[in-house]
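Let us walk through this structure one region at a time. Keep the sequence and the 3D view side by side.

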Amino acid sequence: MSDTSGHSGDPAGDPTGDLIGHGGTHAVAVAAAHGVDTLFTLSGAHVFPMYDAAVHRKDAGGPMRLLDVRHEQTAVFAAEAMGKLTRVPGLAVLTAGPGVTNGVSAVTQARYSGSPLVVIGGRAPSNRWGMGSLQELDHPPLLAPVTKSARTVHRTAEIAGAVDEAFTLAGSSHRGPTFLDVPMDQLFDSAPLARPEVGPRHRQEPDPESLERVGGLLAAATRPVLVLGTDVWADGAEESALRLVEQTGIPVVTNGMGRGVVPGGHPQLVTKARSQAFGGADLVVVVGTPLDFRLGYGTFGGKDGGAGPARVVHLADSPGQVSPHAELAASAAGDLCLVLDGVQAALERQRRVPDWSAWLEGLRAAVAAAGRRDAELLGSQADPIHPARIYGELAPRLADDAVVIGDGGDFVSFAGKYLEPRRPGGWLDPGPYGCLGAGLGSAIAARLARPSAQVVLLLGDGAAGMSLMDVDTLVRHDLPVVIVCGNNSAWGLEKQPMRMIYGYDVATDLAPGTRYDEVVRALGGGGETVTDPSDIGPALDRAFAAGTPYLVNVLTDVDAAYPRSTFGV
Ligand SMILES: Cc1ncc(C[n+]2csc(CCOP(=O)(O)OP(=O)(O)O)c2C)c(N)n1
Ligand SMILES: [Mg+2]
């Protein structure tokens, strides 16, 4: 790398004691103060000072890692995944115009998933604004609807404060993406840097009366279910949640990054019997996830011998997250550690000590029956391969701290059904925005965030086409990842619904037997194609041992559709 001496990010002392540096120096110093260790990007001159600052960083911690990718959406998906896994906002830096617009879907995904993320965009220089300089686009109006804040920083001296605000806002409940862009002339220009103080995260206190009411509802319930979602993990409330679960004996269903808070195999985890649990419940307490299509929009109950609908309680990390459309018996908002501990204390103050053991036993029997039904497909000898067989082979090979990433349609739905994480913070799915293409970015971030853990990326063959070129990034940065491609030569999750609605399908077929493993080999990784179910296990073993990015391309049965009861609308 050559030293661009005229633009060095080396902060120099000045007589006032402040550091002087270009705008990139300011932004990188503040990001580092917020705990960022990696800057995800794809090269563009508008943002060169950010790179210069990262490589020449001299303050505590040394250079910041630059992770350069092959498509800006991968940079943003990687930064989003970094935010989810580490609970420190991820940072993506995108060049002006097309760099920023290429990142918009991933920013939107972060918005819907409540992922802490900061995106810094380049911007055409202010001294040429309106004259038609290269890639001149006013980004904030495009980004505003999908971010917590989107603004332009007009002066070098304002960059540090603006970046500090962007990180604080992105990392505060309810978390999400923030965006700022800096005109090129201001980013290259120098000014004294006054470092902002990074304070501890504000923890919002929930209203005690609301918690008391939730305690009362729980004490009165005979068939309650607790749902734990992504924000339980994001708020660091996994221990509070598990304590509440184990001390009360309540049955639990998890979703999103709530998966693993109650470890797979735990006697109170009834996700495998969720339709019996939700159908038979008289009270459903939903924590840290919206009452969206994944939870029947917050309507539960009514299936237990004519019993009415269940009462619903929504506990959220912030008031704006309490779903307005559902009829709620109670709700509370605030830091979820405080909320969950507060609910437990409120329940302990109730005179009635509920006993839900019979209700739990019934659900456990349903879980066991579901497990017996699953076992058949997990061991399927079918030819072509049934996708479930892949999970029958993968599950016993996963360590407790494995990070599992899903990017695809039916293939990922099967993963959700058959894989139950044993620890929280290791499950990355697309969340309610459902954007295909996050896979390689998420895998890059997972490898960096959890250097010694298994990282397994589950890719539909359709989804593979959206980010597979970034295997090149894994290879260049020496980031080994196991990739399993469920190759049914179709956009399967669309093929089946279209057949159901019209009796035929179009635009849902992909080429049969495509050698996605050869793509990975061509990019410097390894891989193989599997057509016989008994070859899946040994292929996975080779993938875990490879020490390079390795894709196991499993040709599966296109007609083995996921048994879906909802299409999400
Ligand atoms: C960016 C984006 N484009 C389109 C869709 C619609 N979509 C949802 S699932 C799916 C099919 C995915 O196919 P594949 O990855 O091969 O998985 P399969 O369902 O075949 O297992 C499509 C096209 C989407 N969710 N996101
Ligand atoms: Mg497919």
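Helices here are DSSP runs of H or I with at least four residues, numbered from the N terminus. This is a predicted model.

Start at R389. This residue lies in helix α15, which covers residues 387–394. Is R389 buried or exposed? Buried means under 20% relative accessible area. R389 has 9% relative accessibility, so it counts as buried. What does R389 touch? Leaving aside residues up to four places away in sequence, its contacts are L377, L378, G379, S380, Q381, P533, S534 and I536.

Helix α22 spans residues 536–545. Two packed helices are described by the angle between their axes and the distance between the axes. For α15 and α22, the angle is about 55 degrees and the axes are 9 Å apart. α15 is therefore oblique to α22. The crossing of α15 past α22 is right-handed. On the α15 side, the residues are R389, I390, E393 and L394. They meet I536, G537, L540 and F544 of α22. By class, this contact has five nonpolar residues, one polar and two charged.

Now go back towards the start of the chain. Helix α1 takes in residues 23–33, and helix α2 takes in residues 48–55. Their axes come within 7 Å and cross at roughly 60 degrees. So α1 is oblique to α2. α1 passes α2 in a right-handed crossing. Which residues meet here? G24, T25, A27 and V28 come from α1, while P49, M50, A53 and A54 come from α2. Six of the residues in this contact are nonpolar, two are polar and none is charged.

Turn next to a sheet. Strands of a sheet pair through backbone hydrogen bonds, either parallel or antiparallel.

One bridge pairs P224 with L283 in β12.

Conventions. Residues are numbered from 1 along each chain as its sequence is written. Chains are lettered from A and ligands numbered from 1 in the order in which they are written. This is a predicted model: local features need pLDDT of at least 70, side-chain atom pairs count only at pLDDT 80 or more; totals for chains, interfaces and linings use all residues. Side-chain values use heavy atoms; hydrogens and water are left out. Axes are lines fitted to C-alpha atoms, for helices over the stretch in contact, and angles run from 0 to 180 degrees between N-to-C directions. Helices (H or I, at least four residues) and strands (E, at least two) are DSSP runs, numbered from the N terminus. Angles under 35 degrees count as roughly parallel, over 145 as roughly antiparallel, 65 to 115 as roughly perpendicular and the rest as oblique. A crossing is left-handed if the near helix is turned anticlockwise from the far one by less than a right angle, and right-handed if clockwise. Contact means heavy atoms within 4.5 Å. Ala, Val, Leu, Ile, Met, Phe, Trp, Tyr, Cys and Pro count as nonpolar, Asp, Glu, Lys and Arg as charged, and the others, Gly among them, as polar. Two strands pair if DSSP finds at least two bridges between them. Buried means under 20% relative accessible area, exposed over 50%, partly exposed in between (1.4 Å probe, protein chains only).
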